[in-house]
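Thanks for making the time this morning; I would like to take you through one structure, going from single residues to strands and sheets and then to the chain as a whole. Please have the viewer open as I talk.

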Amino acid sequence: MNVEISELTRRFGRTEAVAGVDLRAGAGVFGLLGPNGAGKTSLLRMMATVLPPSSGTLRLLDRDPGSYGPRREIRRRLGYLPQNLGYYPGFTVAEFIEYFALLKDMPTGQVPRAVATAIEHVGLGGKARAKLRTLSGGMLRRVGIAQAIVNQPELLLLDEPTAGLDPEQRVAFRALLREFGQRGTVIVSTHLVEDVAAACSEVTLMNAGKIVFHGTPDDLIAQGEGHGVGDAPLERGYSAVLAAARP
Amino acid sequence: MTRDPDMTGRPGNRPGRGPDGIDLDRVWAGVAAEVWRRRPGPAERLAGRLLRSPGLARALLTTPSLLLGWVLATMAVLLAGVVVTLSTGTPWVALIAPPLAAAGIAYAYGPGIDPAWELSQSTAVSDRMVLLVRALAVFGLNAILGLVASAASGAVAAVTFGWLVPMTAVCALALAAATVSRSANVGVLAGLAGWLIIVLGDRVAAGQLTAAVTSTVLILPYLAIAAGCVVIAMYATRTPRGAS
């Protein structure tokens with residue numbers, strides 16, 4: 001198992017953003033769905049070792065991220081795209097991705113080819129030497145995806161990765177997700193149920209800090225038969241589960 | 001994945017295989033790697049060797065820690081300090097440098113200053129190492145400038161020693177405050193306030209404004225403050241073991 005989570009909580013003052021989550025994930029693409037404030041981003045940030053949990057157990061890639069050595073090893077094998085990608089406007093696309101490849105402790109000799117491959121993967125070859133400040137929002141998102149995959153991560157965590165991508169780019173992105181899901185764990189937090197339907201082998205639905213559904217996309221569709229509200233079968237399942245979970 | 005230059009889901013414009021079964025994708029990746037790679041300059045290569053980490057060297061030399069504007073401002077103020085020191089006989093460089101370096105340190109790290117801070121938090125090169133290396137860079141630069149300035153005044157060792165030790169304490173205070181509060185401005189204010197309290201304390205009454213940088217009695221307290229503040233900064237940037 002690449003992700004093993006048990007009774008994980010995260011509090012911000014009096015607010016419990018993540019309230020006793022249990023989750024296990026091996027290879028594959030996992031969709032993390034839920035309304036705003038459900039706790040998806042906090043959960044993802046804990047898995048990215050950016051945010052320490054308040055309590056509970058978290059193991060990533062069979063290691064304990066609470067200790068320095070194992071955490072460093074996890075981070076070498078981790079790819080993370082935060083919801084808000086901060087970037088240095090004066091860097092070029094290639095410089096930015098190379099910078100994070102170096103911070104991920106990749107062997108220096110492997111970095112240039114890995115950077116070129118990541119840039120080609122997200123279709124930004126024509127913009128490799130463009131300054132980040134000149135790129136559109138969708139292109140910046142693709143830069144963020146490229147830095148996340150540059151080290152061929154075994155655990156890839158993506159927070160709203162398709163925000164700003166046009167429909168054609170999203171189709172290609174889903175193919176990329178499936179490719180990485182074959183050799184590692186990909187966890188995608190998104191509002192777009194069609195991304196989940198197209199790319200994910202399992203889906204987890206969060207509400208108010210708790211997991212209220214875990215299963216395959218087909219299982220979620222089945223939850224909505226005759227109950228849910230929405231245009232697509234998965235949307236109906238999503239709304240039916242949330243309606244049942246709310247007091 | 002098939003090369004997909006426009007990320008459109010269509011097969012790429014470049015064929016995957018050329019004549020004689022040559023993998024053109026692989027060839028292209030090699031060419032692109034050479035064309036797009038950023039060749040480190042002499043300073044980055046030297047930093048990489050000294051720090052034994054190309055990532056730290058890149059973090060030191062290309063991110064906000066050593067912005068040209070900050071370096072120029074440091075030099076301008078210190079040069080002005082030298083001129084005033086030489087003309088008045090009062091060690092103004094030693095008095096001005098600590099709060100200036102404190103501001104540099106406070107602004108060199110943090111979520112409000114480093115736009116890619118969250119991303120950096122998830123990488124293998126420790127953010128604490130980046131923080132401390134950047135702190136070292138501030139000290140290093142100021143030490144060089146201080147040596148140059150004090151050499152001109154003819155009192156190299158005394159001025160530089162009397163300057164660097166209190167600067168270490170004030171910078172550590174600013175670093176700790178900025179790290180704990182996650183605000184560079186709070187760090188700057190803490191550094192300035194700490195220095196003003198030291199300089200303007202009871203010495204003013206005795207007419208010894210420069211005693212803060214000339215009195216050897218203060219060396220141990222300075223070092224104790226610096227050590228305590230570094231411990232606070234390290235503690236504030238740790239990941240608690242409660243994670244598992």
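Let me begin in chain B, with B:L51, which is found in helix α2, residues 42-51 of that chain. Please keep in mind throughout that this is a predicted model. For a sense of distance, B:A190 is 139 residues from B:L51 in sequence, and the two C-alpha atoms are 30 Å apart in space.

A:K210 lies in strand β9, which covers residues 210-215 of chain A, and with 17 C-beta neighbours inside 10 Å it counts as partly exposed. Which residues is A:K210 in contact with, once its neighbours within four places in sequence are left aside? They are A:A19, A:G20 and A:V21. A:G144, on the other hand, is 66 residues away along the chain from A:K210, and their C-alpha atoms are separated by 28 Å.

That brings me to the open sheet, which has 3 strands in the order β2-β1-β4 of chain A, with antiparallel pairing. Strands β2 (15-25) and β4 (55-60) of chain A stand at the edges with a single partner strand each, so one side of each has no neighbour in the sheet. On average, and ignoring direction, neighbouring strands of this sheet are turned by 25° against each other. As a reminder, the strands of a sheet pair through backbone hydrogen bonds, in either a parallel or an antiparallel manner.

Looking at the individual pairings, β1(A) and β2(A) are joined in the antiparallel sense over 8 bridges, and in that pairing A:E4 stands opposite A:R24 in β2(A). The hairpin formed by β1(A) and β2(A) has 2 residues between the strands, and A:G13 takes a positive phi near 65° there. Strand β1, residues 3-12 of chain A, also pairs with β4(A), again antiparallel, over 5 bridges, with A:V3 opposite A:L60 in β4(A).

Next, consider strand β7 of chain A, residues 185-189. How many of its 5 residues are buried? The count is 5 of the 5, so the strand is largely enclosed by the rest of the structure. A:T185, A:I187 and A:S189 point one way from β7(A), while A:V186 and A:V188 point the other way, and all are buried.

As for its partners, strand β3, residues 28-33 of chain A, pairs with β7(A) in the parallel sense over 5 bridges, and A:F30 stands opposite A:I187 in β7(A). Strand β6, residues 155-159 of chain A, also runs parallel to β7(A) and is joined to it by 5 bridges, with A:D159 opposite A:S189 in β7(A). From β6(A) the chain crosses to β7(A) through helix α6, residues 167-183 of chain A, and this β-α-β crossover is right-handed.

Among the buried residues of α1(A) are A:K40 and A:R45, along with A:L43, A:L44, A:M46 and A:M47. Just after α1(A), A:T49 takes a positive phi of about 65°.

Finally, the chain as a whole. The secondary structure of chain A comes to 9 helices and 9 strands. Its radius of gyration is 18 Å, close to the 18 Å that the globule rule gives for 247 residues, so chain A is as compact as a globular protein of that length. Along the principal axes, the C-alpha atoms of chain A fill a box of roughly 55 × 40 × 35 Å. Of its 247 residues, 56% count as buried, and among the contacts in chain A with a separation of 6 or more, 63% come from residues 24 or more positions apart.

Key. Residues are numbered from 1 along each chain as its sequence is written. Chains are lettered from A and ligands numbered from 1 in the order in which they are written. This is a predicted model: local features need pLDDT of at least 70, side-chain atom pairs count only at pLDDT 80 or more; totals for chains, interfaces and linings use all residues. Helices (H or I, at least four residues) and strands (E, at least two) are DSSP runs, numbered from the N terminus. The radius of gyration is taken over C-alpha atoms; the globule rule is 2.2 Å times the number of residues to the power 0.38. A residue is buried if 20 or more other C-beta atoms lie within 10 Å of its own, exposed if 12 or fewer, and partly exposed in between; C-beta atoms are placed from the backbone. Two residues are in contact if their C-beta atoms, placed from the backbone, lie within 7 Å. Two strands pair if DSSP finds at least two bridges between them. A crossover is right-handed if, with the strands pointing away from the viewer, the path from the first strand over the helix to the second runs clockwise. Axes are lines fitted to C-alpha atoms, for helices over the stretch in contact, and angles run from 0 to 180 degrees between N-to-C directions.
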